[in-house]
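Q: Please take a close look at the side-chain contacts here. I want charged pairs first, then aromatic ones.

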Amino acid sequence: MGKQSSQPVTMRVRIGDAEIEVTGPPSFVDARIAEFMKQATATAQRGQSALEAGKGEDVIGDNVIGDKKGLAPGQFFKKLNSKSDVNAVLAAGYYMEKVKAQENFTALEIRDLLGQAKRQPPKNINDAINGNIKKGLIMSAGDRDSRMAFVLTTDGEDAVQNMAKLGG
């Protein structure tokens with residue numbers, strides 16, 4: 001009974017936004033998880049140092065976009081090259097997730113946020129959301145309060161970061 005099993009195991013670990021799932025022999029899984037945790041800890045420490053050095057400034061890609069806690073929607077959109085309705089909706093989703101720290105967002109919340117930013121919302125928000133879904137930048141996250149909810153994909157996050165590089 002003291003014999004160790006060589007059956008494959010699966011382990012998933014999430015630290016903040018970073019997540020890893022590894023399947024394989026226990027020693028392989030242990031090594032990969034340890035490496036992931038080491039990297040995630042180092043990344044978190046660098047982020048905390050940057051936050052302290054930057055007095056609470058949030059960074060999108062290489063661009064500083066302002067104080068994360070006090071960043072108004074209008075200020076956020078000024079830093080981006082988001083001319084089209086599809087890009088504006090994508091950027092609003094990013095704002096919801098990264099600045100407001102929401103798990104997901106609805107079309108109504110996007111419309112309200114664009115209004116707060118003093119941007120004309122698209123005539124049909126759902127068309128703009130569907131345009132992002134077709135591009136693989138937004139995906140469905142089920143329902144929240146009897147409304148369809150959405151989240152950005154990693155490609156969607158990257159696209160907003162690219163908008164910040166072009167616009168800021």
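Which side chain does R12 meet in a salt bridge, and what is the N to O distance?

A: R12 meets the side chain of E21, at 2.4 Å from N to O. A salt bridge here is a side-chain nitrogen of Lys or Arg within 4 Å of a carboxyl oxygen of Asp or Glu. The model is predicted: local features need pLDDT of at least 70, side-chain atom pairs count only at pLDDT 80 or more, and totals for chains, interfaces and linings use all residues. Residues are numbered from 1 along each chain as its sequence is written, and side-chain values use heavy atoms, with hydrogens and water left out.

The two partners fall into separate accessibility classes. R12 is exposed, at 55% relative accessible area. E21 is partly exposed, at 45%. The cut-offs are under 20% for buried and over 50% for exposed, with partly exposed in between (1.4 Å probe, protein chains only).

Side chains of opposite charge can pair when their charged atoms come close. By the salt-bridge rule, the count is four. R32 and E35 form one of them, with their closest N and O atoms 3.8 Å apart. Both sit in helix α1 (residues 26-53), three residues apart, which means about one helical turn separates them. Helices (H or I, at least four residues) and strands (E, at least two) are DSSP runs, numbered from the N terminus. R32 is partly exposed at 34% relative accessibility. E35 is partly exposed too, at 42%.

Another salt bridge joins E109 and R144, at 2.7 Å from N to O. E109 belongs to helix α4 (residues 107-116) and R144 to strand β5 (residues 138-144), so this pair ties together parts 35 residues apart in sequence. R144 is partly exposed, with 24% relative accessibility.

Now the rings. A pair of aromatic rings is described by the distance of the centres and the angle of the planes. Rings of Phe, Tyr and Trp (its six-membered ring) pair if their centres lie within 6.5 Å; planes under 30 degrees apart are stacked, over 60 edge-to-face, the rest tilted. The structure holds four such pairs. F76 and F77 have ring centres 5.6 Å apart and planes at 90 degrees, so they are edge-to-face. F76 is buried at 0% relative accessible area, and F77 is buried at 6%.

F105 and F150 pair as well: their centres are 6.5 Å apart and their planes at 40 degrees, so the pair is tilted. F105 lies in the loop between α3 (85-99) and α4, F150 in strand β6 (residues 147-152), so the contact ties together parts 45 residues apart in sequence. Both F105 and F150 are buried. Ring pairs also link F76, F77, Y94 and Y95 into a cluster.
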